[in-house]
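Please have the model open as you read.

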Amino acid sequence: MRLESVIFRIMEIRKTTINDLQRVMEIFSIARDFMKKSGNPSQWNDNYPAEELICSDIQEGISYVVLHNDRIVGTFVFIVGADPTYTEIDGKWLNDEPYGTIHRIASDGSTKGIADECLKFCKTITRNIRIDTHENNSVMLNWIIRAGFEKCGIIHVTDGTPRYAFQLHSDNFKSVFEFK
């Protein structure tokens with residue numbers, strides 16, 4: 001068999017626009033269903049994240065979409081600067097340097113590697129990244145650990161529920177090829 005050509009499409013990340021809102025909300029619905037089926041029924045209720053929150057994220061310029069073959073397949077929020085929910089931690093952050101925080105990462109399940117692409121993108125902005133997740137979110141916990149984040153302790157989100165908190169700093173980055 002002779003191979004004439006191969007086209008590899010990489011994922012693209014761009015800021016979310018208001019025109020993307022319907023697709024982003026669909027992705028969150030798919031993600032909520034997946035979380036429930038994979039043993040994490042309580043991290044995101046049926047109304048989280050609310051459309052108003054996503055619109056606010058878009059207006060603030062902190063919401064991003066991940067495209068594969070020109071189709072939105074994932075979304076996440078990346079905030080550079082202090083996160084109020086990270087002020088108090090039962091534990092200790094790796095450092096007190098400026099950082100970025102990944103929130104509300106979700107995919108439609110059609111494409112592997114959304115979280116990896118998200119992290120690669122965020123690492124181009126800052127080399128000090130924090131993230132948190134629910135104790136029952138085994139899929140996200142496994143990815144966070146595989147990606148090289150270190151568990152720093154427990155934080156409480158605005159509704160008072162606990163989340164495992166992690167940080168990744170330039171001193172402990174893994175190559176993106178090490179956690180594929």
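Asp 70 sits in the loop between β2 and β3. Strands here are DSSP runs of E with at least two residues, helices are runs of H or I with at least four, and both are numbered from the N terminus. The model is predicted: local features need pLDDT of at least 70, side-chain atom pairs count only at pLDDT 80 or more, and totals for chains, interfaces and linings use all residues. Residues are numbered from 1 along each chain as its sequence is written, and side-chain values use heavy atoms, without hydrogens and water.

Asn 69 also lies in the loop between β2 and β3. The table gives their values. Buried means under 20% relative accessible area, exposed over 50%, and partly exposed in between (1.4 Å probe, protein chains only).

Which residues of α1 are buried? They are Leu 21, Arg 23, Val 24, Met 25, Ile 27, Phe 28, Ala 31, Arg 32 and Met 35. The buried residues of α1 pack against α2 (51-60), β2 (63-68), β3 (71-80) and β5 (100-107). Contact means heavy atoms within 4.5 Å.

Just after α1, Gly 39 has a positive phi of about 90°. Pro 49 is in the loop between α1 and α2. The peptide bond from Tyr 48 to Pro 49 is cis, with omega near -10°.
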